[in-house]
Amino acid sequence: MSDERTALAELATQATATLLTELVAHLRRNRTQLREEWVHRITAARLLTAMSREEIFAEATSVYDSYVEALETGTVEALQAYARNLSERIIPRGVETNEVVGIVLLLRDVLARSLFAKYHGDVGLLNRVLDAYEPAANRIAITVAVGFVQQRERVIREQQEAIRLLSTPVLQVRERLLILPMIGLIDPQRARQLTEQLLRGIRANRAKVVVIDVTGVAALDASVANHLVQTVDAARLLGATVIVTGLSPEIAQTLVNIGVDLARMTTVGDLQGGIEEAERLLGYTVVSLKEAPPAA
Amino acid sequence: MQVPILKQGSYLIASIQSALTDADLVQLRESLVEQVGRYRSRGVIVDVTALDVMDSFASRILRDIATMIKLRGAETVIVGIDPDVALAMVRLGLNLEGVATSLDLEEGLAFLEARTKSERRR
């Protein structure tokens, strides 16, 4: 009984394979016409607007060939690699996920239509052909879409990492004076990282005064503002004074609105003022060479 | 474990070597307040470098010490708080407000030096 079933299944697989071969031959024969039809549909649907018609045509040709090849061999590895490569090229040009999914589905539709046209005389055969075609086509569509999304996520992760590395330098400008310029978007995770880096920097450089410049910060929310207050307190426990500079009118407004207690913080208008204040605390005076009395 | 209190010139240095029980902390407070009068000290340094945990009781005792020493006419400075401990403390709201803090023993001595000198000048 089970033998019979296996044999039947095998027969069915063989039948599918034969149909797929026939299908691939059909798609190869009508390559030029179907490809043009596809490109036409892509432009009509206003997909891939970031690319020129020639570029779309060139990419469409490669995708078409990989697509037919994937149908023929039943393996998606080659197509996967191509999709990854394509994503890498088109992501920087602002191509969206819906566009990529859209064009693959369009190709599926174009090819399905051509199958309808070819087999519409024999509904039974058409059904069998579609049975063979649809799972393979859907698998290809999924592969391309997933490949694109994965590539996009990889790009996003890389950019996040780059921002993370970029954004938190603790700089020594004078003996015992550190500057921490905060730039960009500060989320709780970055705020925590910044604090830890600053505290280690204070210890490593034996800093007495730290100037935190927030000129480059677009917005502060309540949790980040509280974190800033905590940073100031923690730095004080290590014996360092913190001066916060460059609070924009918007941020000042936000801080007042959310009622963060900034009374314990020393704030100075801009970075220059902050450094001058720090130098005063450290007992430095900066004198212009012209005004200075000549050295004895 | 009792905390050794060293006399260095006109300053007292209490160097905490290991985790302390609440009783040890109370005892540290009593001895410091008593000795600051006995030795006519002008400043007290509490070195907490070896502490890797600071709870609310410990920080209250440190604040008490600073206040009581002040009443006895001397200055207190806490030195050697670890960065991670500092972060943990402020998260718990233990700011040691009104207590002077310095990076390490050397800084603490420099701080007391500057503080007592300016007082003497007055």
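At what angle do helix H3 (residues 53-73) of chain A and helix H4 (residues 77-90) of chain A pack, and how far apart are their axes? The exercises below begin with this one. The model is predicted: local features need pLDDT of at least 70, side-chain atom pairs count only at pLDDT 80 or more, and totals for chains, interfaces and linings use all residues. Residues are numbered from 1 along each chain as its sequence is written, while chains are lettered from A and ligands numbered from 1 in the order in which they are written.

**Exercise 1. Describe the packing of H3(A) and H4(A).**

Step 1. Two packed helices are described by the angle between their axes and the distance between the axes. Helices (H or I, at least four residues) and strands (E, at least two) are DSSP runs, numbered from the N terminus. Axes are lines fitted to C-alpha atoms, for helices over the stretch in contact, and angles run from 0 to 180 degrees between N-to-C directions.

Step 2. For H3(A) and H4(A) the angle is about 160 degrees and the axes are 9 Å apart. H3(A) is therefore roughly antiparallel to H4(A). The cut-offs are under 35 degrees for roughly parallel, over 145 for roughly antiparallel, 65 to 115 for roughly perpendicular, and oblique for the rest.

Step 3. H3(A) and H4(A) cross in a left-handed way. A crossing is left-handed if the near helix is turned anticlockwise from the far one by less than a right angle, and right-handed if clockwise.

Step 4. On H3(A), the contact uses A:Glu59, A:Ser62, A:Ser66, A:Tyr67, A:Glu69 and A:Ala70. On H4(A), it uses A:Ala78, A:Leu79, A:Tyr82 and A:Leu86. Two residues are in contact if their C-beta atoms, placed from the backbone, lie within 7 Å.

Step 5. By class, these residues are six nonpolar, two polar and two charged. Ala, Val, Leu, Ile, Met, Phe, Trp, Tyr, Cys and Pro count as nonpolar, Asp, Glu, Lys and Arg as charged, and the others, Gly among them, as polar.

**Exercise 2. Describe the packing of H1(B) and H2(B).**

Step 1. Helix H1 (residues 22-38) and helix H2 (residues 56-71) of chain B pack at about 10 degrees, with their axes 10 Å apart. H1(B) is therefore roughly parallel to H2(B).

Step 2. From H1(B), the residues that meet H2(B) include B:Leu25, B:Val26 and B:Arg29. Those on the H2(B) side include B:Phe57, B:Ile61 and B:Asp64.

Step 3. The contact of H1(B) with H2(B) has eleven nonpolar, no polar and three charged residues.

**Exercise 3. Describe where chain A touches chain B.**

Step 1. Chain A gives 13 residues to the contact, and chain B gives 13 residues. On the chain A side, helix H7 (188-205) and helix H8 (222-237) each supply at least two residues. That side has four nonpolar, three polar and six charged residues.

Step 2. H7(A) packs with helix H3 (residues 83-91) of chain B at about 135 degrees, and their axes are 9 Å apart. H7(A) is therefore oblique to H3(B). The crossing of H7(A) with H3(B) is right-handed.

Step 3. A:Thr195, A:Glu196, A:Leu199, A:Arg200 and A:Arg203 of H7(A) make this contact with B:Pro83, B:Ala86 and B:Leu87 of H3(B). The classes are four nonpolar, one polar and three charged.

**Exercise 4. Describe H8(A), its span and its burial.**

Step 1. H8(A) has 16 residues and reaches 23 Å from its first C-alpha to its last, close to the expected 22 Å. The expected span is 1.5 Å times one less than the number of residues.

Step 2. In H8(A), 13 of the 16 residues are buried. A residue is buried if 20 or more other C-beta atoms lie within 10 Å of its own, exposed if 12 or fewer, and partly exposed in between, with C-beta atoms placed from the backbone.

Step 3. After H8(A) comes A:Gly239, with a positive phi near 85 degrees.

**Exercise 5. Classify A:Glu36 as buried, partly exposed or exposed.**

Step 1. A:Glu36 lies in helix H2 (residues 31-44) of chain A.

Step 2. A:Glu36 counts as partly exposed because it has 13 C-beta neighbours inside 10 Å.

Step 3. A:Glu36 and A:Thr61 are 25 residues apart in sequence, and their C-alpha atoms are 9.2 Å apart in space.

**Exercise 6. Summarise each chain.**

Step 1. Chain A has ten helices and five strands, and 31% of its 296 residues are buried.

Step 2. Chain B has four helices and five strands, in the order β-β-α-β-α-β-α-β-α along the sequence. Of its 122 residues, 40% are buried.
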